[in-house]
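Reader: Hi! Could you walk me through this one while I have it open?
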Amino acid sequence: MTDTDTIWVRRPTAEPAGDESAPAFTLDRPVGGLTIGVRADRAWRSWQLISSIWSERLQGEGASTIEVETGAQMGQPGAEDRKEIEELANTTDAAIIGLGTCGSCTTFTIKDAVVVEAHSKPVVAIVCEEFLVHGRNVATHLGHRDLKILVLPYPLEARPEDELRAIADEYYPKVLELLGVSV
């Protein structure tokens with residue numbers, strides 16, 4: 001190839017998934033006795049704190065939790081992370097997957113949540129408000145337009161711990177509601 005060769009990009013985006021959406025699921029019961037997966041991300045200390053608080057609360061309500069931490073999106077480490085998400089989807093009753101607070105992490109948050117939903121299990125993807133449109137677009141493109149997404153404030157990373165704890169407190173009932181937890 002030389003500097004004067006022409007490359008024709010015929011279709012820079014993949015075909016949309018269409019109008020049909022995969023079903024979304026809800027627990028429709030209390031979390032006691034269930035196993036809930038919680039996926040954190042090595043890149044975001046804010047989400048590590050919030051997800052750990054939610055995991056403790058779930059345990060306080062009688063659930064078992066399996067916490068996994070991912071961070072790679074490509075190559076062998078990315079393949080290992082995706083395998084871990086597949087195992088999480090196989091071994092849990094529902095999952096909370098975060099955090100979408102940048103372009104690539106939002107994409108993988110949604111993709112990992114779709115893996116759980118593809119196992120016919122309730123899942124909530126956690127995305128910061130700045131990346132909600134991107135998250136919805138990814139979910140729609142993957143055929144999961146009804147994927148449950150909980151939107152957290154943006155940005156999270158620069159906030160002090162007390163604010164993050166307050167956000168965890170404020171949004172915990174909302175994540176339970178989206179999972180379909182009943183009292």
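Predicted model: local features only at pLDDT ≥ 70, side-chain atom pairs only at ≥ 80, totals over all residues.

Reader: Great. Is strand β1 (residues 35–41) buried or exposed?
Author: Seven of its seven residues are buried, so β1 is largely enclosed by the rest of the structure.

Reader: And which way do the residues of β1 point?
Author: T35, G37, R39 and D41 point one way, while I36, V38 and A40 point the other way. In general, side chains in a regular strand alternate between the two faces of the sheet.

Reader: How many bridges join β1 to strand β2 (residues 64–70)?
Author: Seven, and the pairing is parallel. To find your place, look for R39, which sits opposite V68 in β2.

Reader: What about β1 and strand β3 (residues 94–100)?
Author: Those two run parallel as well, joined by four bridges. There, G37 stands opposite A95 in β3.

Reader: Switching to helix α1 (residues 45–60): what unit does it make with β1 and β2?
Author: A right-handed β-α-β unit. α1 itself has 16 residues and reaches 23 Å from first C-alpha to last, close to the expected 22 Å.

Reader: Which residues of α1 are buried?
Author: Among them are W47, I50, W54 and L58. In general, an α-helix has 3.6 residues a turn, so residues three or four places apart point the same way.

Reader: And what covers the buried residues of α1?
Author: The cover includes β1, β2 and β3, along with β4 (123–128), β5 (148–152) and α5 (161–179).

Reader: Last one: what is the phi of G62, after α1?
Author: Positive, near 95°.

How values were computed
Residues numbered from 1 in each chain as written. Heavy atoms only, no water. Buried < 20%, exposed > 50% of the residue type's maximum accessible area, 1.4 Å probe, protein only. Pairing = 2+ DSSP bridges. Right-handed = clockwise from strand over helix to strand, strands pointing away. Expected span 1.5 Å × (residues − 1). Contact = heavy atoms within 4.5 Å.
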